[in-house]
Amino acid sequence: MKRHDIVTIILSQAAHQEPPQKRQGRAFAPANIALCKYWGKRDEELNLPHTPSLSISLGQLGTETTVAFTEGEADLVTLNGKSIDPGSDFHCRIISFIDLFRTVEGPRWRIDTRNSIPTAAGLASSASGFAALVKALNDWFDWGLDPQTQSILARLGSGSACRSVLDGFVLWHEGSAPDGMDSFAERLDITWPEFRIGLWTLSTDRKPVSSRVAMKRTVDTSILYQSWPEQCRQDLARMKQAMEDRDLSAVGRIAEQNALAMHATGLGAWPPVLFWLPESVEAMKTVWMLREQGLEVYLTMDAGPNVKLIFNQRDEAAIRESVPTLKTIAPFGDG
Ligand code: PMV
């Protein structure tokens, strides 16, 4: 099935199907960090995963997007106030996504995006980007789609984007239907005001291999990938329980082991996939040293060299002493 078929099915159930009545649509979506990772697709076109995954949305940190018609002859995409080169990957990805929602003959569109996170630095900006775009379209066209359906649309842009439609702890159900209608995100009913995420940015350079390419190569060539789906399912069940118990040591340990196992599957691929810089390894060692000294701090990493820390509010000051550049996020507000 093609992405366009899914969009057609979903929009046939929308509250309004006519052209937008408002001048523009606008929405914000948070970035998210997976604590149990999504790694590997069973369907490349629809971004359907082999496993479920679980993330935390990063509160006010994310993407704000505005969508409107433009009188110009060409589509215009801006990022943080600067227009994007129409030949760039970023531009092409956005245009091919919005083409799913419009006809060739209509007026051209202007899409303004503002990120409060570095783009493509492994901090999931494509996730908040596609989630904000879908929410802005829902606002503009007044479709009245529920968050579950919006998450299905966001997934068509980037897998992890389906989790960025929601706040807090978010579970992405893997689903089994070939059309992916049962592969959507859902917010867990857990509030944990003391829970903290720290962003330890080591490089804002564009990553050399995209997560799409890395995942495919890993699924196709890494023998270590065979154990991944089973580990994921076990990690996820234990993680949910640990979150319900507000058990930081368990959440941190499961998240760290899950992330390192994901990176290990990449090392087993051919050609090998390695996202780490020497600075990433140094950062990991610092975290392990802090833990030996008695601090409850854990790490996770995505398809890039940056390290994200997981800890409790009470340890923030002590962690900051060793990592002064850390950007701390309180996903449930200040606890
Ligand atoms: O949504 P994508 O294609 O950018 O993939 C994201 C993959 C990871 O960030 C590595 C893991 C995850 O679950 O977010």
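Is Cys162 buried or exposed? Cys162 is buried, with a relative accessible area of 0%; buried means under 20% relative accessible area, exposed means over 50%, and partly exposed lies in between (1.4 Å probe, protein chains only).

## Basis of the report

This is a predicted model, in which local features need pLDDT of at least 70 and side-chain atom pairs count only at pLDDT 80 or more, while totals for chains, interfaces and linings use all residues. Residues are numbered from 1 along each chain as its sequence is written, and side-chain values use heavy atoms, with hydrogens and water left out.

## Cysteines

A disulfide is defined as a pair of cysteine sulfur atoms within 2.5 Å. By this rule the structure has zero disulfides. For Cys36, the closest cysteine sulfur belongs to Cys232 and is 6.1 Å away, which is too far for a bond. Cys162 is likewise in no disulfide, since the nearest cysteine sulfur, again that of Cys232, is 14 Å away. Cys36 is buried, with a relative accessible area of 0%.

## Aromatic pairs

Rings of Phe, Tyr and Trp (its six-membered ring) count as a pair if their centres lie within 6.5 Å; planes under 30 degrees apart are stacked, those over 60 are edge-to-face, and the rest are tilted. A search of the whole structure finds 15 aromatic pairs. One of them joins Trp39 and Phe275, whose ring centres are 6.4 Å apart and whose planes meet at 75°, so the pair is edge-to-face. Trp39 lies in the loop between β1 (24-36) and β2 (41-43), and Phe275 in the loop between α7 (248-267) and α8 (278-292), so the pair ties together parts that are 236 residues apart in sequence. Helices here are DSSP runs (H or I, at least four residues), as are strands (E, at least two), and both are numbered from the N terminus. Both Trp39 and Phe275 are buried.

Trp192 and Phe195 form a tilted pair, 5.0 Å from centre to centre with 45° between the planes. Trp192 is buried at 2% relative accessibility, and Phe195 is buried at 0%.

## Nonpolar cores

In soluble globular proteins, nonpolar side chains tend to be buried together. A nonpolar core is a set of buried Ala, Val, Leu, Ile, Met, Phe, Trp, Tyr and Cys residues joined through side-chain atoms within 4.5 Å. The largest such core has 57 residues, and Phe101 and Trp109 have the most contacts inside it. Helix α3 (residues 125-141) gives the most to this core, with nine residues. A second, separate core of 29 residues includes Phe195, Leu236, Ile310 and Ile329.

Trp109 also belongs to one aromatic cluster with Phe69, Phe97, Phe101, Phe130, Trp140, Phe141 and Trp143. Contact means heavy atoms within 4.5 Å. When residues up to four places away in sequence are not counted, Trp109 touches residues including Val67, Asp75, Ile98 and Leu137. Arg102 lies over the face of Trp109, at 5.2 Å from the ring centre; for this, CZ of Arg or NZ of Lys must be within 6 Å of the ring centre and within 35 degrees of the ring normal.

In helix α1 (residues 3-11), the buried residues are Arg3, Ile6, Val7, Ile10 and Leu11. Seen down the axis of α1, these fall within an arc of 125°, so they line one face of the helix; the arc is that of the directions from the helix axis to the C-beta atoms. The buried residues of α1 pack against α2 (89-98) and α4 (147-157).

Nine of the 11 residues of α4 are buried, so this helix is largely enclosed by the rest of the structure. Among the buried residues of α4 are Thr149, Gln150, Ile152 and Arg155. Their cover includes α1, α2, α3, β3 (48-49), β8 (169-172) and β9 (185-187).

## Loops and backbone geometry

The peptide bond from Trp270 to Pro271 is cis, with omega near -10°, and Pro271 is found in the loop between α7 and α8.

Asn47 has a positive phi of about 50° although it is not a glycine. Asn47 lies in the loop between β2 and β3 and is buried, with a relative accessible area of 0%. Arg246, another residue other than glycine, has a positive phi near 50°. Arg246 sits in the loop between α6 (228-244) and α7 and is partly exposed at 38% relative accessibility.
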